[in-house]
Amino acid sequence: MTELEQKNQMVALAASLFNRGYSVGGAGNLSCRLDGGRFLVTPTGSSLGRLTAERLSVLDSDGKLLAGDKPSKESVFHLALYRKNPACNAIVHLHSTYLTALSCLQGLDPANALKAFTPYYVMRVGALPVIPYYRPGHPDIARELEARALTGRAFLLANHGVVVTGSDLTDAVDNSEELEETARLHFILRGENIRYLTDDEVNDLKNRGK
């Protein structure tokens with residue numbers, strides 16, 4: 001895929017997320033790897049529903065702006081994940097409704113905020129570790145994510161939203177959508193007698209991906 005094709009893909013996928021209510025206003029940001037050790041990031045304060053290819057931010061590995069508009073302040077934690085995990089080629093950060101609601105709950109398991117009750121959650125995401133609360137843009141978010149970068153594909157930022165990785169941008173968006181749906185089902189099923197997947201069932205699903 002050429003750089004222009006990657007830019008157009010980011011604009012299209014971002015608009016799709018926005019139009020379906022996964023982001024509102026200027027919330028959320030996307031990124032992906034480009035060739036030559038560069039990265040494509042959505043600009044600061046931009047709406048995912050109103051991006052243009054020529055204004056997307058192009059950064060080097062140190063976060064220096066090479067082209068486009070000023071990047072999101074949260075590009076720092078995107079770069080931290082890329083540096084630590086070579087298999088991560090794209091990142092989606094959303095304040096989607098159900099995952100953000102989940103992030104505001106007390107007593108979440110820090111190792112996994114959503115216990116598995118569908119195979120699709122396990123196959124797409126696996127688990128959802130919780131990052132402690134820091135204000136948006138705080139450098140400790142990058143530090144926390146970098147420390148956990150090799151432990152999972154998605155991370156819940158307490159009282160904030162979610163960060164989801166993927167092998168490419170389409171994969172990261174698909175992972176985000178599956179995760180948001182799992183959170184929605186979690187709230188729908190609250191108070192019901194849920195049949196959670198057993199450890200053996202979860203391990204079987206994970207092993208089939210190897």
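A helix across the sheet

Guide: Helices (H or I, at least four residues) and strands (E, at least two) are DSSP runs numbered from the N terminus; contact means heavy atoms within 4.5 Å; angles, from 0 to 180 degrees, lie between N-to-C directions of axes fitted to C-alpha atoms, for helices over the stretch in contact. The model is predicted: local features need pLDDT of at least 70 and side-chain atom pairs 80 or more, while totals for chains, interfaces and linings use all residues. Residues are numbered from 1 along each chain as its sequence is written, and side-chain values use heavy atoms, without hydrogens or water.

Strand S1 (residues 29-33) pairs with strand S2 (residues 39-41) in the antiparallel sense, over three bridges. Cysteine 32 has leucine 40 of S2 as its bridge partner.

The structure has three aromatic pairs (Phe, Tyr or Trp six-membered ring centres within 6.5 Å; planes under 30 degrees apart are stacked, over 60 edge-to-face, the rest tilted). The ring centres of phenylalanine 39 and tyrosine 82 are 4.7 Å apart and the planes are at 25°, so this pair is stacked. Because phenylalanine 39 lies in strand S2 and tyrosine 82 in helix H2, the pair ties together parts 43 residues apart in sequence.

One cavity of 30 Å³ or more is found in the whole structure (on a 1 Å grid over protein atoms alone, points where a 1.4 Å probe fits but cannot get out; a pocket is an open set with protein on both sides within 12 Å along at least five of seven lines; lining residues have an atom within 4 Å of a point). The largest cavity holds about 40 Å³ of space (filled by probe spheres on grid points joined across faces, edges and corners). Helix H2 (75-84) and helix H5 (139-148) are the elements that give two or more residues to its lining, and H5 gives the most, with three residues. Among the lining residues are Lys73, Glu74, Val76, Phe77 and His138.

The largest pocket holds about 500 Å³. Of its 23 lining residues, Met123, Arg124, Val125, Gly152 and Arg153 are the closest to its centre. Helix H4 (119-124), strand S8 (161-166), helix H6 (169-188) and helix H7 (199-208) each supply at least two lining residues; the largest share, three residues, comes from H4.

The second largest pocket has a volume of about 170 Å³. Of the 15 residues that line this pocket, the closest to its centre are Gly26, Asn29, Ser72, Lys73 and Glu74.

How values were computed:
Two strands pair if DSSP finds at least two bridges between them.
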